[in-house]
Amino acid sequence: MTGLLGRVSLRRLLCRLRTPVSSLLVRPSSGGPSWTWEQTLVAVKPDGVQRRLVGDVIRRFERRGFKLVGMKMLQAPESVLAEHYHDLRRKPFYPALISYMSSGPVVAMVWEGPNVVCTSRAMIGHTDSAEAAPGTIRGDFSFHITRNVIHASNSVEEAQREIRLWFQSNELVDWADEGYRSSLYPS
């Protein structure tokens with residue numbers, strides 16, 4: 001898919017299965033607009049950290065207008081990775097995936113904003129770098145399906161599960177950005 005029509009079709013495909021989960025939706029404090037915000041987990045994988053791409057990823061999300069509410073660098077424990085990738089445990093590539101994800105540091109982040117789950121999936125691009133569109137994070141930076149730089153939750157439900165897995169509630173910061181928020185997303 002190329003051009004504007006392809007991007008619109010890709011966005012619809014990526015976003016069609018979204019259903020809101022109330023515990024992940026955030027309403028601005030009093031006085032602000034009344035739209036609903038989501039949260040999602042984004043993780044820069046070991047190859048992205050080793051290639052010094054963390055700043056590029058953060059820059060893209062900030063320029064999109066999303067709010068960073070949690071971030072940490074860690075050597076992911078195998079128990080967290082096993083739970084994170086539980087649906088892939090019967091796949092033949094699972095052992096290599098766990099080995100790779102534990103081979104170096106990961107930068108895990110929680111981003112917040114309107115439609116952030118769907119939009120972040122569109123921003124990162126297709127899992128296979130050969131199919132990732134130029135302009136997406138994977139299209140610009142990844143070079144193989146097994147070294148695709150970044151993870152982002154694929155649904156609001158998965159985001160909720162993944163955020164709880166990677167972050168404790170006290171590691172997320174609810175900071176005020178009302179002036180910026182209302183100038184980006186008028187009611």
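Q: Why is Ser 155 counted as buried?
A: Ser 155 has 12% relative accessibility. Buried means under 20% relative accessible area, exposed over 50%, and partly exposed in between, with a 1.4 Å probe and protein chains only. Ser 155 therefore counts as buried. This is a predicted model, in which local features need pLDDT of at least 70 and side-chain atom pairs count only at pLDDT 80 or more, while totals for chains, interfaces and linings use all residues. Residues are numbered from 1 along each chain as its sequence is written, and side-chain values use heavy atoms, with hydrogens and water left out.

Q: What makes the pair of Ser 155 and Glu 157 side chains a polar contact?
A: A polar contact is a pair of N or O atoms within 3.5 Å; within protein, one must be able to donate a hydrogen and the other to accept it, and residues adjacent in sequence count only if both atoms are side-chain atoms. The side chains of Ser 155 and Glu 157 make such a contact at 3.4 Å.

Q: Where does Ser 155 lie?
A: Ser 155 is in the loop between β4 (150-152) and α8 (156-166). Helices (H or I, at least four residues) and strands (E, at least two) are DSSP runs, numbered from the N terminus. The chain has nine helices and four strands.

Q: Which elements do the buried residues of α8 pack against?
A: They pack against β1 (38-44), β2 (67-74), α4 (78-84), β3 (106-113), α6 (116-124) and β4, where contact means heavy atoms within 4.5 Å. Among the buried residues of α8 are Val 156, Ile 163 and Trp 166.
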